[in-house]
Amino acid sequence: MAMAPNGDLIVCGETSNTATQDLFLMRLDSTGALSTAWPDQNDNVNKAGIRVYDGNGADVDEPFGMVLDSAGNVYVCGASRENHTTGGANTDGIVLKYAADGTRSWVHLYDSPATALDDYYYDIALDSVGNVLVTGYGGNSAAGDYVTTKLDSAGSVVWTTRFNDAKNKEDRAYSLVIDKDDSIFVTGYANWDNTSNDTVTLKYDKNGNQLMLLRLTAESAPSPASDFYKSGLKVLLDAK
Ligand SMILES: [Ca+2]
Ligand SMILES: [Ca+2]
Ligand SMILES: [Ca+2]
C-alpha cells in the first residue's frame, strides 16, 4: 500500500479466477471511491482506478512489493509465470512501471540463466536519482541465490548481481534499503545443511560491488530444537 502525491491510496494485490491469477493495482480517492486519476483505459478491466497485469492469460502473476516516486509513478515487483511456455513451469522475477495516469510504461522480467527455475523479486526501492532496485531469489541448478538488480527509470538493466553462499544451498533475499550514497543493503537467509539457515545481510555500492557481509549463524544445537531457521525479513536504516 502506498500514497500518491494527491493523497489517493494505491493498493496492490492478487486476483484470481479459474483460469489465471493476476497482479492488480487499485487506486482509491479520499472518499474511498475508485480514483479517476487513473482513467478507464477501455481495456479488459474497463474501470477507472483499476489496473490488472496478466502475463499470458493462463498462469500466476503476483506482487510482493511496491514503491511510488514523487511524480506519482508506481513501481511494482513480484513474480510471473509468463514465460513458462518456453522454459517449463517456472516463475520469473517481474518489475512493472505505471506512469502517474496509470498507463503501464514497461515490464522487466528476470529469468535465471539456467532454464525452468523459479525466480522472485520480493522488495523494491528507488535510489536518489530514480533508479529502481529490486531483490529476491534466483534459481540455480543446485538451489537458489540472492538476486539483486538495478534498473534505470526506463526499465533497462544497469546491473544484476547474485549471491551464492559458500555452502551452495538455497539463499533468498527478502528486503532491501538504500542509503544516502545509494549503497544498497539486502537481507535474507543462506541455508547451510538443508535444515538450518543463517541470516545474511549484504552491502553493495551503487555499482553492484559487494562491500560487506554480516552473518548471524544458525546454532548447531538450537534450543528449542525447532529454532533452526534464522532469516532476515526486513532491513531499515536509521536517520543518519
Ligand atoms: Ca495471470
Ligand atoms: Ca525463471
Ligand atoms: Ca545458493
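Here are some questions and answers about the predicted model shown above.

Residues are numbered from 1 along each chain as its sequence is written, and chains are lettered from A and ligands numbered from 1 in the order in which they are written. Local features need pLDDT of at least 70 and side-chain atom pairs count only at pLDDT 80 or more, while totals for chains, interfaces and linings use all residues.

User: Which element gives the largest share of the side of domain 1 that touches domain 2?
Analyst: Residues are in contact if their C-beta atoms, placed from the backbone, lie within 7 Å, and the contact takes 20 residues from each of domain 1 and domain 2. Strands are DSSP runs of E with at least two residues, and helices are runs of H or I with at least four, numbered from the N terminus. Elements giving two or more residues to the domain 1 side are β5 (61-68), β6 (74-80), β7 (92-98) and β8 (104-110). The largest share, five residues, comes from β7.

User: Why is one side of β1 and of β4 left without a neighbour in the sheet?
Analyst: Good one! Two strands pair if DSSP finds at least two bridges between them, and the open sheet here has four strands in the antiparallel order β1-β2-β3-β4. β1 (2-3) and β4 (50-53) each have a single partner strand, so one side of each lacks a neighbour because both stand at the edges.

User: Which residue of β4 is the bridge partner of methionine 26?
Analyst: Strand β3 covers residues 21-28 and runs antiparallel to β4, with four bridges joining them. Within β4, methionine 26 has as its bridge partner isoleucine 50.

User: How many residues of strand β11 are buried?
Analyst: A residue is buried if 20 or more other C-beta atoms lie within 10 Å of its own, exposed if 12 or fewer, and partly exposed in between, with C-beta atoms placed from the backbone. Strand β11 spans residues 145-151 and is mostly covered. The buried count is seven of seven.

User: Which residue in the turn between β11 and β12 has a positive phi?
Analyst: Six bridges join β11 to β12 (residues 157-163) in the antiparallel sense, and threonine 149 has threonine 160 as its bridge partner in β12. The two strands form a hairpin with five residues between them. The residue in the turn with a positive phi, about 90°, is glycine 155.

How values were computed: Two residues are in contact if their C-beta atoms, placed from the backbone, lie within 7 Å.
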